[in-house]
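This briefing covers side-chain packing, aromatic pairs and charged groups. Please read it alongside the sequence and the structure shown below.

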Amino acid sequence: MNNEGTNELDFIKKYENEGYTNSYRVDGTMLIENGSDMRFTPNGIKVVAKHRYEGYSNPSDMSILYVIETKDDTKGTILVPYGNTNETETLEFFNKIPDENFSESENIMFKK
């Protein structure tokens, strides 16, 4: 996916302007909303956009920005590094989200 030179922080700010203001982390088998400690299983998550990034100076410096909505109507983002700084636990969590819970419906690159 071409991110047209926009970095992760630029995209996070754009999504925050669209109401995706919460941040999350993965602990074991649960996604946790950082502000409230609400916990979600993979079935309680919808990924509404995903962006991949490669480092400009080091192509192995890679990350994925997931834009998510939860069953409790929280909306936000989580940035997951991968490659040399592999976040296995987080990537395994996102691999357990059912395919039907992935879309690009809120991808700002596809909106006019």
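**Packing and side-chain contacts**

Leaving out residues up to four places away in sequence, Ile 45 touches Leu 31, Phe 40, Ile 68, Glu 69, Thr 70, Phe 93, Ile 97 and Asn 101; contact here means heavy atoms within 4.5 Å. The model is predicted, with local features needing pLDDT of at least 70 and side-chain atom pairs counting only at pLDDT 80 or more, while totals for chains, interfaces and linings use all residues. Residues are numbered from 1 along each chain as its sequence is written, and side-chain values use heavy atoms, with hydrogens and water left out.

**Nonpolar cores**

- The largest nonpolar core has 17 residues, and those with the most contacts inside it are Leu 31, Ile 45, Tyr 66, Ile 68, Ile 78 and Phe 94.
- Two or more residues of this core come from each of β1 (22-27), β4 (45-54), β5, β6 (75-83) and α2 (88-95), and β5 provides the largest share, 4 residues.
- Apart from this core lies another, of 10 residues, including Tyr 20, Ala 49, Tyr 53 and Ile 108.
- A nonpolar core is a set of buried Ala, Val, Leu, Ile, Met, Phe, Trp, Tyr and Cys residues joined through side-chain atoms within 4.5 Å. Buried means under 20% relative accessible area, exposed over 50%, and partly exposed in between (1.4 Å probe, protein chains only).
- Helices (H or I, at least four residues) and strands (E, at least two) are DSSP runs, numbered from the N terminus.

**Surroundings of Ser 63**

- Ser 63 belongs to strand β5 (residues 61-70) and is buried, because its relative accessibility is 5%.
- The side chains of Ser 63 and Glu 8 are joined by a polar contact of 2.7 Å. The term denotes a pair of N or O atoms within 3.5 Å; within protein, one must be able to donate a hydrogen and the other to accept it, and residues adjacent in sequence count only if both atoms are side-chain atoms.
- Neighbours within four places in sequence aside, Ser 63 is in contact with Glu 8, His 51, Arg 52, Tyr 53, Leu 79, Val 80, Pro 81 and Tyr 82.

**Aromatic rings**

- Rings of Phe, Tyr and Trp (its six-membered ring) pair if their centres lie within 6.5 Å; planes under 30 degrees apart count as stacked, over 60 as edge-to-face and the rest as tilted. By this rule there are 4 aromatic pairs.
- Tyr 15 and Tyr 20 form an edge-to-face pair, at 6.0 Å centre to centre and 90° between the planes. Tyr 15 is buried at 0% relative accessibility, and Tyr 20 is buried at 2%.
- Phe 93 and Phe 94 are also edge-to-face, because their ring centres are 5.5 Å apart and their planes lie at 80°. Phe 93 is buried at 3% relative accessibility, as is Phe 94 with a relative accessible area of 2%.
- One aromatic cluster is formed by Tyr 66, Phe 93 and Phe 94.

**Charged groups**

- The charged end of Lys 14 sits over the ring of Phe 11, 5.5 Å from its centre, and Lys 75 lies over the face of Tyr 20, 4.5 Å from the ring centre. A charge sits over a ring if NZ of Lys or CZ of Arg is within 6 Å of the ring centre and within 35 degrees of the ring normal.
- The count of salt bridges (a side-chain nitrogen of Lys or Arg within 4 Å of a carboxyl oxygen of Asp or Glu) is 1. The side chains of Asp 37 and Arg 25 meet in a salt bridge at 3.4 Å, N to O.
- Asp 37 lies in the loop between β2 (30-33) and β3 (39-40) and Arg 25 in strand β1, so the pair ties together parts 12 residues apart in sequence.
- Asp 37 is partly exposed at 43% relative accessibility, and Arg 25 is partly exposed at 35%.
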